[in-house]
Amino acid sequence: MLRLLTLCLAVMALLSACGPVYETQYSLVPPTSAEGRLCVNQCQQNRNFCRQNCGMSQQACVNEARSRALYEYQAYVNRRNAEKQPIKKSVSDFDRSYSCGNSSCEARCEADYRDCFGGSCGGQVLAKTVCTAFCDEGKPAPGAAAAAPMLSPMPPAGPAMSAPAPTASSYPAGGSLCQPGMRVEVEWKGEWYPATVKDKPRKDGRCPIHYDDFGAEDDESVALRRIRPR
């Protein structure tokens, strides 16, 4: 018990030595136009569908891991019996379903929703960096002094007015690159590949592209954050 307590204290000391831990939190300002609100509803439906897929993928992973655990446990039992050795392990010792988390999948759903909300529907996505652990009150969080809107159109000057229906030309950042025939680079698994935009952005905010060095079977529609100018 003393060794375990010492280990826990050592881990906490190591984490605190690494400095404050920050995370990015988002605030969403909905569009004012009726078209924009309908667009947001579609974004929400797409996010719900994405979350359902994450849940089904996680459950399939858990089922496969548990089936594999039963298989490995039975092989272990047979081996121990053949060696006339006692059975010291249980099925749980072979169960690796703990690795079937879906946090990265759901994070992708949320990122795609923000792209759709701000890039396609005319809403505003405001990002703010906050400290969540080992915070040093004497040092402000990086970027906390001025939280800049992300994937959001510039607010209109003068008196408040209803936002116009979103068009491809009003897309910020990656959205401005999503024009038919535009030569861009697209991120895929950490690498950037030359590509050409095939069409205007879809209703869900994704941009249809063709990878220049690959066949048409690899064409896809990607989130705006994965596009950069070539």
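Is Cys61 buried, partly exposed or exposed? Select Cys61 and show its surface: at 30% relative accessibility, this cysteine counts as partly exposed. The value falls between the cut-offs, because buried means under 20% and exposed means over 50%. Keep in mind during the tour that the model is predicted.

**Stop 1: Cys61 and Cys100**

A disulfide joins the two, with 1 sulfur at each end and an S to S distance of 2.0 Å. In general, such a link is a covalent bond between the sulfur atoms of two cysteines. Look along the S-S bond of Cys61 and Cys100: the angle about it is -70 degrees, and the link is left-handed. Now colour the chain by secondary structure. Cys61 is in helix α2, while Cys100 is in the loop between α2 and α3, and the pair links distant parts of the chain, 39 residues apart.

**Stop 2: Cys43 and Cys116**

Stay on helix α2 and select Cys43, then Cys116. These two are joined by a disulfide, S to S 1.9 Å. Cys43 lies in helix α2 and Cys116 in helix α3, so the bond ties together parts that are 73 residues apart in sequence. The torsion is -70 degrees about the S-S bond, and the link of Cys43 and Cys116 is left-handed. Cys43 counts as buried at 2% relative accessibility, and Cys116 is buried with a relative accessible area of 2%.

**Stop 3: Cys39 and Cys121**

Next, select Cys39 and Cys121. Their sulfur atoms are 2.0 Å apart and form a disulfide. Which parts of the chain does the pair tie together? Cys39 lies in helix α2, which covers residues 34-82. Cys121 lies in the loop between α3 (103-120) and β2 (124-133), so the parts tied together are 82 residues apart in sequence. The torsion about the S-S bond of Cys39 and Cys121 is about -70 degrees, so this disulfide is left-handed. With the surface shown, Cys39 is buried at a relative accessible area of 14%. Cys121 also counts as buried, at 1% relative accessibility.

**Last stop: the whole model**

How many disulfides does the count come to? The count comes to six disulfides, including the link between Cys61 and Cys100, the one between Cys43 and Cys116, and the one between Cys39 and Cys121.

Definitions and conventions
Residues numbered from 1 in each chain as written. Predicted model: local features only at pLDDT ≥ 70, side-chain atom pairs only at ≥ 80, totals over all residues. Heavy atoms only, no water. Disulfide = S-S within 2.5 Å. Helix = DSSP H or I, 4+ residues; strand = E, 2+ residues; numbered from the N terminus. Buried < 20%, exposed > 50% of the residue type's maximum accessible area, 1.4 Å probe, protein only.
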